[in-house]
Amino acid sequence: MDTPAEGRAVILNIGGKERVFDIDDPHLPDWIDDKSLTSGHYPYDKKLDEDDYEKELQLLQIELVKVQFWLQKTGQRVMALFEGRDAAGKGGTIHVTLSYMNPRSARVVALTKPTETERTEWYFQRYVPHFPSGGEFVLFDRSWYNRAVVEPVMGFCTETEYEKFLKQVPHFEKLIAADGIHFFKFWLDIGREMQIERFHDRRHDPLKVWKLSPMDIAALGKWDDYTNKRDRMLEETHTDHAPWTIIRANDKRRARLNAIRHILTSIDYEGKDEEKIGKMDKKIIGKGPDFLAGS
């Protein structure tokens with residue numbers, strides 16, 4: 001059980017040991033720094049070389065531009081949801097995916113908390129207007145799956161609303177797939193020490209401090225609650241028509257490359273170059289709840 005300590009310090013139970021973490025202390029403790037990359041059963045102990053990453057990313061971004069031309073020519077639609085714990089790398093993955101695509105038809109959707117009026121609507125209603133029209137490529141930085149994890153953990157919805165969502169969402173997504181949208185759901189998974197390290201980085205980097213929210217601080221002591229809700233979400237909403245793609249994301253470079261590769265591999269677009277797309281890393285990318293067993 002994680003508990004508050006003095007000030008903004010918290011006592012965290014990690015691997016059966018009690019650890020005191022103070023996010024305001026500029027020194028990152030060794031117990032975080034030494035284990036962050038390999039936390040959560042991550043299979044690599046070194047990040048992908050930056051030069052290799054940049055070379056591979058450029059090839060993939062060229063393929064994404066081809067996808068955009070194909071979408072505009074055919075009127076096809078692509079939509080992807082990016083979910084994960086706070087600091088999992090959703091925003092960065094979306095950024096590199098869209099970097100060289102025309103913003104007139106490739107966009108990100110990152111909705112703020114619902115208004116009072118939206119609270120009275122059907123839960124999915126405020127998301128539907130942001131769906132892609134013909135030729136569009138749309139990525140959601142968090143989505144309706146807020147109700148599956150964040151909202152119940154933080155007490156932002158009732159138990160009845162939570163259970164209703166889990167029953168409705170497979171039917172809702174079946175309609176999306178049936179309408180012909182190329183639909184992707186990504187869960188970016190990170191280890192606990194990695195999340196703490198990224199929160200600490202946000203707190204002490206003047207260019208990133210705006211990213212650290214009170215929700216992030218509150219999440220420090222709710223790791224197990226998030227895990228339980230994540231696991232149930234994956235079990236109940238991983239379907240044949242809308243499967244979850246899980247990416248182990250402790251190394252942001254590998255995570256970004258594999259997310260883009262998965263999208264490119266799944267779409268039969270004009271001019272597709274399989275060799276330049278390359279192979280996905282099965283150590284860090286997989287399908288559904290079984291891929292996260294034991295993490």
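**Exercise 1. Find the contacts of Pro170 beyond its neighbours within four places in sequence, and say whether Pro170 is buried or exposed.**

Step 1: Pro170 then touches Glu236, Thr239 and His241.

Step 2: A quick word on what you're looking at: this is a predicted model, where local features need pLDDT of at least 70, side-chain atom pairs count only at pLDDT 80 or more, and totals for chains, interfaces and linings use all residues. Residues are numbered from 1 along each chain as its sequence is written, and side-chain values use heavy atoms, with hydrogens and water left out.

Step 3: Check accessibility. Pro170 comes out at 17%, so it counts as buried (under 20% relative accessible area; exposed is over 50%, partly exposed in between, with a 1.4 Å probe and protein chains only).

Step 4: Pro170 belongs to helix α6 (helices are DSSP runs of H or I with at least four residues, strands are E runs of at least two, and both are numbered from the N terminus).

**Exercise 2. Describe how α6 packs against α9.**

Step 1: Two packed helices are described by the angle between their axes and the distance between the axes. Here α6 (residues 159-178) and α9 (residues 223-237) have axes that come within 10 Å and cross at roughly 40°. The axes are lines fitted to C-alpha atoms, for helices over the stretch in contact, with angles from 0 to 180 degrees between N-to-C directions.

Step 2: List who meets whom. From α6 you have Tyr162, Glu163, Leu166, Val169, Pro170 and Glu173, and facing them in α9 are Lys229, Arg232, Glu236 and Thr237.

Step 3: Sort by class. The contact of α6 with α9 holds four nonpolar, one polar and five charged residues (nonpolar: Ala, Val, Leu, Ile, Met, Phe, Trp, Tyr, Cys and Pro; charged: Asp, Glu, Lys and Arg; polar: the others, Gly among them).

**Exercise 3. Which residues have the most contacts inside the largest nonpolar core, and which element gives the largest share?**

Step 1: Such a core is a set of buried Ala, Val, Leu, Ile, Met, Phe, Trp, Tyr and Cys residues joined through side-chain atoms within 4.5 Å. The largest has 40 residues, with Phe137, Phe186 and Leu264 making the most contacts inside it.

Step 2: Elements supplying at least two residues of this core include β4 (78-84), β7 (182-189) and α10 (252-266). The largest share, seven residues, comes from α2.

Step 3: Zoom in on Leu264. Beyond four places in sequence, its contacts include Leu60, Leu64, Val67 and Ile277.

Step 4: Now look elsewhere. A separate core of 35 residues includes Phe172, Trp187, Tyr226 and Met233.

**Exercise 4. What is the phi of Ala87, and where does Ala87 lie?**

Step 1: Most residues other than glycine have a negative phi, and most peptide bonds are trans. Ala87 isn't a glycine, yet has a positive phi of about 75°.

Step 2: Find Ala87 in the loop between β4 and α3. With 7% relative accessibility, Ala87 counts as buried.

Conventions:
Contact = heavy atoms within 4.5 Å.
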